[in-house]
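Please look over the sequence and the model below, and then follow the paragraphs from the surface of the protein to its charged side chains.

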Amino acid sequence: HLPVLTSTTLEIQGWLSNFNKGYYIAQRLKRKPQIIRKLKRLSVRLTQLQDIGGLRIIVDTNKDVNELLSFLKKKVDQSEHIQIHRITDYREHGRDTGYRALHVILSVNGYKLELQIRSKIQHYWAESIERTSIIYGYYLKESEGSNIVLDYFQNLAKIFNEIEAGRKPSPAHKIALDRARDSAIRVIESSDKKSIFNA
(Lines give C-alpha, C1' and ligand atoms only; values in the text may rest on other atoms or scores of the structure.)
Protein backbone atom coordinates (compact mmCIF):
# COMPACT_ATOMS: atom_id res chain seq x y z
CA HIS A 1 0.00 0.00 0.00
CA LEU A 2 2.84 2.43 0.67
CA PRO A 3 3.85 3.32 -2.93
CA VAL A 4 0.24 3.87 -4.06
CA LEU A 5 -0.60 5.72 -0.85
CA THR A 6 2.37 8.06 -1.19
CA SER A 7 1.76 8.79 -4.86
CA THR A 8 -1.94 9.44 -4.18
CA THR A 9 -1.16 11.75 -1.26
CA LEU A 10 1.26 13.74 -3.42
CA GLU A 11 -1.25 13.93 -6.27
CA ILE A 12 -4.04 15.16 -3.98
CA GLN A 13 -1.64 17.62 -2.39
CA GLY A 14 -0.96 18.96 -5.87
CA TRP A 15 -4.69 19.34 -6.47
CA LEU A 16 -5.04 21.21 -3.17
CA SER A 17 -2.73 23.98 -4.37
CA ASN A 18 -5.87 25.24 -6.16
CA PHE A 19 -8.12 24.86 -3.11
CA ASN A 20 -8.48 28.34 -1.67
CA LYS A 21 -8.85 27.32 1.96
CA GLY A 22 -6.45 26.31 4.70
CA TYR A 23 -5.79 22.60 5.06
CA TYR A 24 -3.42 20.02 6.52
CA ILE A 25 -2.82 16.67 4.79
CA ALA A 26 -1.15 13.55 6.18
CA GLN A 27 -0.96 9.85 5.41
CA ARG A 28 -0.56 6.71 7.48
CA LEU A 29 -0.36 2.95 7.08
CA LYS A 30 -2.37 0.91 9.57
CA ARG A 31 0.05 -1.06 11.75
CA LYS A 32 0.03 -4.84 11.97
CA PRO A 33 -1.45 -5.04 15.53
CA GLN A 34 -4.27 -2.69 14.49
CA ILE A 35 -4.93 -4.75 11.36
CA ILE A 36 -5.09 -8.02 13.32
CA ARG A 37 -7.34 -6.43 15.95
CA LYS A 38 -9.75 -5.13 13.28
CA LEU A 39 -9.82 -8.47 11.44
CA LYS A 40 -10.81 -10.21 14.69
CA ARG A 41 -13.32 -7.56 15.70
CA LEU A 42 -15.12 -7.45 12.35
CA SER A 43 -14.58 -11.11 11.38
CA VAL A 44 -13.46 -10.14 7.89
CA ARG A 45 -10.66 -11.13 5.52
CA LEU A 46 -7.59 -8.98 4.97
CA THR A 47 -8.67 -8.27 1.38
CA GLN A 48 -11.87 -6.71 2.73
CA LEU A 49 -10.10 -4.01 4.74
CA GLN A 50 -10.27 -0.67 2.97
CA ASP A 51 -8.27 1.45 5.39
CA ILE A 52 -4.83 -0.18 5.47
CA GLY A 53 -3.61 2.90 3.62
CA GLY A 54 -5.15 6.13 4.85
CA LEU A 55 -5.03 9.84 4.12
CA ARG A 56 -6.43 12.61 6.28
CA ILE A 57 -7.22 16.17 5.34
CA ILE A 58 -8.08 18.62 8.10
CA VAL A 59 -9.80 21.87 7.20
CA ASP A 60 -10.98 24.76 9.35
CA THR A 61 -14.75 24.19 9.48
CA ASN A 62 -17.45 21.66 8.70
CA LYS A 63 -18.54 23.88 5.80
CA ASP A 64 -15.01 23.58 4.40
CA VAL A 65 -15.40 19.78 4.54
CA ASN A 66 -18.34 20.09 2.13
CA GLU A 67 -16.43 22.45 -0.14
CA LEU A 68 -13.41 20.16 -0.18
CA LEU A 69 -15.53 17.12 -1.05
CA SER A 70 -17.06 18.98 -3.99
CA PHE A 71 -13.59 20.13 -5.08
CA LEU A 72 -12.17 16.58 -4.89
CA LYS A 73 -15.10 15.06 -6.79
CA LYS A 74 -14.33 17.36 -9.74
CA LYS A 75 -10.65 16.43 -9.62
CA VAL A 76 -11.40 12.69 -9.43
CA ASP A 77 -13.74 13.01 -12.43
CA GLN A 78 -10.72 14.23 -14.44
CA SER A 79 -8.39 11.49 -13.11
CA GLU A 80 -7.70 8.32 -15.06
CA HIS A 81 -6.55 6.18 -12.12
CA ILE A 82 -8.34 7.50 -9.00
CA GLN A 83 -12.02 6.76 -8.49
CA ILE A 84 -14.37 7.29 -5.57
CA HIS A 85 -15.57 3.87 -4.41
CA ARG A 86 -17.82 5.02 -1.54
CA ILE A 87 -18.59 8.07 0.61
CA THR A 88 -19.74 7.69 4.23
CA ASP A 89 -20.69 10.79 6.18
CA TYR A 90 -20.44 10.42 9.97
CA ARG A 91 -20.80 14.14 10.70
CA GLU A 92 -24.48 14.73 11.41
CA HIS A 93 -25.20 11.89 13.83
CA GLY A 94 -21.74 10.50 14.51
CA ARG A 95 -20.78 6.94 15.29
CA ASP A 96 -21.73 5.29 18.58
CA THR A 97 -18.66 6.78 20.25
CA GLY A 98 -19.41 10.29 18.99
CA TYR A 99 -16.78 10.20 16.20
CA ARG A 100 -17.56 12.61 13.37
CA ALA A 101 -15.83 12.91 9.99
CA LEU A 102 -16.40 12.35 6.29
CA HIS A 103 -14.88 9.15 4.90
CA VAL A 104 -14.16 8.68 1.22
CA ILE A 105 -12.96 5.27 0.03
CA LEU A 106 -10.75 5.77 -3.00
CA SER A 107 -9.95 3.08 -5.54
CA VAL A 108 -6.45 3.57 -6.94
CA ASN A 109 -4.88 1.04 -9.30
CA GLY A 110 -6.64 -1.88 -7.62
CA TYR A 111 -5.98 -0.67 -4.05
CA LYS A 112 -8.53 0.81 -1.66
CA LEU A 113 -7.43 3.83 0.37
CA GLU A 114 -9.42 5.63 3.04
CA LEU A 115 -9.52 9.42 2.91
CA GLN A 116 -10.82 11.07 6.08
CA ILE A 117 -11.88 14.70 5.86
CA ARG A 118 -12.40 16.47 9.18
CA SER A 119 -12.83 19.96 10.52
CA LYS A 120 -10.39 21.14 13.18
CA ILE A 121 -12.92 20.59 15.96
CA GLN A 122 -13.73 17.07 14.72
CA HIS A 123 -10.01 16.35 14.61
CA TYR A 124 -9.50 17.71 18.12
CA TRP A 125 -12.20 15.33 19.42
CA ALA A 126 -10.64 12.35 17.59
CA GLU A 127 -7.17 13.15 18.93
CA SER A 128 -8.57 13.56 22.45
CA ILE A 129 -10.22 10.13 22.49
CA GLU A 130 -7.07 8.53 21.03
CA ARG A 131 -4.84 10.06 23.70
CA THR A 132 -7.27 9.20 26.47
CA SER A 133 -7.35 5.59 25.23
CA ILE A 134 -3.56 5.39 25.58
CA ILE A 135 -3.70 6.68 29.16
CA TYR A 136 -6.82 4.70 30.13
CA GLY A 137 -5.75 1.41 28.56
CA TYR A 138 -9.03 0.76 26.74
CA TYR A 139 -9.91 1.25 23.05
CA LEU A 140 -12.59 3.90 23.49
CA LYS A 141 -13.13 4.19 19.71
CA GLU A 142 -14.22 0.54 19.80
CA SER A 143 -16.60 1.20 22.72
CA GLU A 144 -14.31 -0.50 25.25
CA GLY A 145 -14.18 0.76 28.81
CA SER A 146 -16.58 2.31 31.29
CA ASN A 147 -19.84 3.80 30.05
CA ILE A 148 -19.03 6.85 32.16
CA VAL A 149 -15.98 7.60 29.99
CA LEU A 150 -17.76 6.65 26.76
CA ASP A 151 -20.75 8.86 27.62
CA TYR A 152 -18.45 11.79 28.30
CA PHE A 153 -16.93 11.55 24.82
CA GLN A 154 -20.35 11.14 23.20
CA ASN A 155 -21.59 14.27 24.98
CA LEU A 156 -18.42 16.17 24.15
CA ALA A 157 -18.93 15.33 20.47
CA LYS A 158 -22.53 16.59 20.63
CA ILE A 159 -21.44 19.86 22.24
CA PHE A 160 -18.69 20.31 19.63
CA ASN A 161 -21.24 19.65 16.87
CA GLU A 162 -23.57 22.27 18.32
CA ILE A 163 -20.74 24.82 18.49
CA GLU A 164 -19.71 24.06 14.91
CA ALA A 165 -23.31 24.48 13.74
CA GLY A 166 -23.33 27.97 15.26
CA ARG A 167 -25.52 27.05 18.24
CA LYS A 168 -24.27 28.02 21.68
CA PRO A 169 -24.51 25.31 24.34
CA SER A 170 -26.56 26.34 27.36
CA PRO A 171 -24.91 26.89 30.76
CA ALA A 172 -26.70 23.74 31.98
CA HIS A 173 -25.10 21.70 29.16
CA LYS A 174 -21.66 23.08 30.02
CA ILE A 175 -22.08 22.27 33.73
CA ALA A 176 -23.29 18.75 32.88
CA LEU A 177 -20.29 18.23 30.59
CA ASP A 178 -17.88 19.43 33.30
CA ARG A 179 -19.41 16.98 35.78
CA ALA A 180 -19.24 14.17 33.23
CA ARG A 181 -15.56 14.97 32.60
CA ASP A 182 -14.79 14.91 36.32
CA SER A 183 -16.51 11.52 36.65
CA ALA A 184 -14.62 10.18 33.61
CA ILE A 185 -11.30 11.37 35.04
CA ARG A 186 -12.00 9.52 38.31
CA VAL A 187 -12.76 6.31 36.39
CA ILE A 188 -9.60 6.65 34.27
CA GLU A 189 -7.41 7.37 37.31
CA SER A 190 -8.71 4.29 39.10
CA SER A 191 -8.25 1.98 36.09
CA ASP A 192 -5.92 -0.96 36.65
CA LYS A 193 -4.89 -0.67 32.98
CA LYS A 194 -3.98 2.98 33.31
CA SER A 195 -0.78 3.86 31.45
CA ILE A 196 2.32 5.08 33.26
CA PHE A 197 2.44 7.83 30.64
CA ASN A 198 -0.17 9.84 32.48
CA ALA A 199 0.13 13.45 31.40
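The accessible surface of the protein comes to about 11800 Å², and 51% of that surface belongs to carbon and sulfur atoms; such areas come from the Shrake-Rupley method with a 1.4 Å probe, and for residues only the protein chains shown count as cover. This is a predicted model, in which local features need pLDDT of at least 70 and side-chain atom pairs count only at pLDDT 80 or more, while totals for chains, interfaces and linings use all residues. Residues are numbered from 1 along each chain as its sequence is written, and side-chain values use heavy atoms, with hydrogens and water left out.

The structure holds 9 salt bridges, a salt bridge being a side-chain nitrogen of Lys or Arg within 4 Å of a carboxyl oxygen of Asp or Glu. In one of them K21 pairs with D64, their closest N and O atoms being 3.0 Å apart. Because K21 lies in the loop between α1 (2–16) and β1 (23–29), whereas D64 belongs to helix α3 (residues 62–77), this pair ties together parts that are 43 residues apart in sequence; helices (H or I, at least four residues) and strands (E, at least two) are DSSP runs, numbered from the N terminus. K21 and D64 are also linked with E67 in a network of salt bridges.
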